[in-house]
Amino acid sequence: MNHIDKQRKLFYMCLLLFTVLIIFSVGIGVAVGQVAVPLKESFQILLKNLSGGMIDNLPGGSSDSFENIIWQIRFPRVLLAMLTGMGLSLAGAVMQTTVQNPLADPYILGISSGASLGATFAIMIGFGGTSILAQFGLSFWAFLGAVTAALLVLLLSNATGQMNSIKLILSGMVLNALFTAFSNFIIYIANDAEGIRSVTFWMMGSLVGASWSKLPLIATVVLVCLLFFLTQIRTLNLMLLGDESAITLGVNLKFHRKLYLIITSVLTGVIVANTGMIGFVGLIIPHIVRGIVGSNHRYFLPLSVFSGSLFMVWCDILSRIILPTVELPIGILTSLIGAPLFIYIFVKKGYEFGG
């Protein structure tokens, strides 16, 4: 069996394993919380509602309170966690390839900070008031901040000649610091204790606001972006060979870099606008997956999406049960898990980009 066959076999094995783990994790995700629901009954309630009542294996019917908790509160939250993990992992994987740097993710490139600045502006100045600005809402301003940040990164990296991966990273780091400073400045001068608490909570990330009404937009954006990048596997693989090789093969990497960064910024902006700042998912998940199946995007991208989804479901579960009386903001938990894991991979495996 040659290397390609082994890689393909490993990919399908991992895909099957992650699918089973995700199904099992969804069951646990809707069962645990302040009100515990038996795991078997949780699956039966999910099966009943997903089948539109055609499959009802609950003897004597389920408790209305259990059914409301699982179907109206916890299942939308688990789905939001899955979509968030899928989107952030996809954005991180594409950004790392686009700028050919393993440290690239929505935070390093300033996109998350741009979203934070937009959200801070909305909370401290416009949101909740009676002005015209208040009519747009927090999500809109966070999304606008993310897209604006991406456009500024592209403009700055093109300002002194042809754009390359180093200029993109440096531009992102500069704008990241600038957006963070502006956010802190707005908070400092606003003198609004309630607003400061809201901004602080939002910056730590949360899935508490999950609802059925929020899911269609996020699901559409995540799935459309995923399908698009699955059609770009050849170009993404060419990016790993460098600009000179790609130009020899007739591919304009400059155009594709801009296009990919704008699309991933839209993806990140939609997610951050609905969940707040959740760090390290886009950085650590692609690292782990690349170490398992290599850098071929035919295997790397789908497995990153599955892994990110599984990671976020378990982070959400842990954030609900790790403290007995309160819920831990999920952004704190992803950073607590992601930072040591990244250090371990970096030190132990002597990791280099390209797998």
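1. Helix 1 and helix 3. In this predicted model, helix 1 (residues 3-31) and helix 3 (residues 64-98) have axes that come within 9 Å and cross at roughly 135°. That angle makes helix 1 oblique to helix 3, since angles over 145 degrees would be needed for roughly antiparallel. The crossing of helix 1 and helix 3 is right-handed.

2. Residues in the helix 1 and helix 3 contact. Helix 1 contributes I22, V26, G29, V30 and A31, and helix 3 contributes I70, R74, F75, V78 and M82. By class, the contact of helix 1 with helix 3 has 8 nonpolar residues, 1 polar and 1 charged.

3. Cavities. How many cavities of 30 Å³ or more does a search of the whole structure find? The search finds 2. The largest cavity has a volume of about 100 Å³, and the second largest cavity holds about 40 Å³ of space.

4. Lining of the largest cavity. The residues that line the largest cavity are L88, D105, P106, Y107, S112, V272, M277, I278, G279, F280, V281 and G282. Sorted by class, this lining has 8 nonpolar, 3 polar and 1 charged residues.

5. Lining of the second largest cavity. L109, I111, A150, V153, L154, L261 and S265 line the second largest cavity. The elements that give two or more residues to this lining are helix 5 (137-158) and helix 11 (253-275). The largest share, 3 residues, comes from helix 5. The lining of the second largest cavity divides into 6 nonpolar residues, 1 polar and no charged.

6. Largest pocket. The largest pocket contains about 300 Å³ of space. Of the 19 residues that line the largest pocket, I123, L138, S198, F201 and W202 are the closest to its centre. Helix 5, helix 7 (193-203) and helix 11 are the elements that give two or more residues to the lining of the largest pocket. Which of the elements gives the largest share of that lining? Helix 7 does, with 5 residues.

7. Classes in the pocket lining. The lining of the largest pocket divides into 7 nonpolar, 9 polar and 3 charged residues.

8. Helix 5 and helix 11. Helix 5 and helix 11 each give two or more residues to the lining of the second largest cavity. Helix 5 and helix 11 also each give two or more residues to the lining of the largest pocket.

Note on methods:
Residues numbered from 1 in each chain as written. Predicted model: local features only at pLDDT ≥ 70, side-chain atom pairs only at ≥ 80, totals over all residues. Heavy atoms only, no water. 1 Å grid on protein atoms, 1.4 Å probe; cavity = no way out; pocket = protein on both sides within 12 Å on 5 of 7 lines; lining within 4 Å. Points joined across faces, edges and corners; volume = space filled by probe spheres on them. Nonpolar A, V, L, I, M, F, W, Y, C, P; charged D, E, K, R; others polar. Helix = DSSP H or I, 4+ residues; strand = E, 2+ residues; numbered from the N terminus. Axes fitted to C-alpha atoms, helices over the stretch in contact; angles between N-to-C directions. Parallel < 35°, antiparallel > 145°, perpendicular 65-115°, else oblique. Left-handed = near helix turned anticlockwise from the far one by under 90°. Contact = heavy atoms within 4.5 Å.
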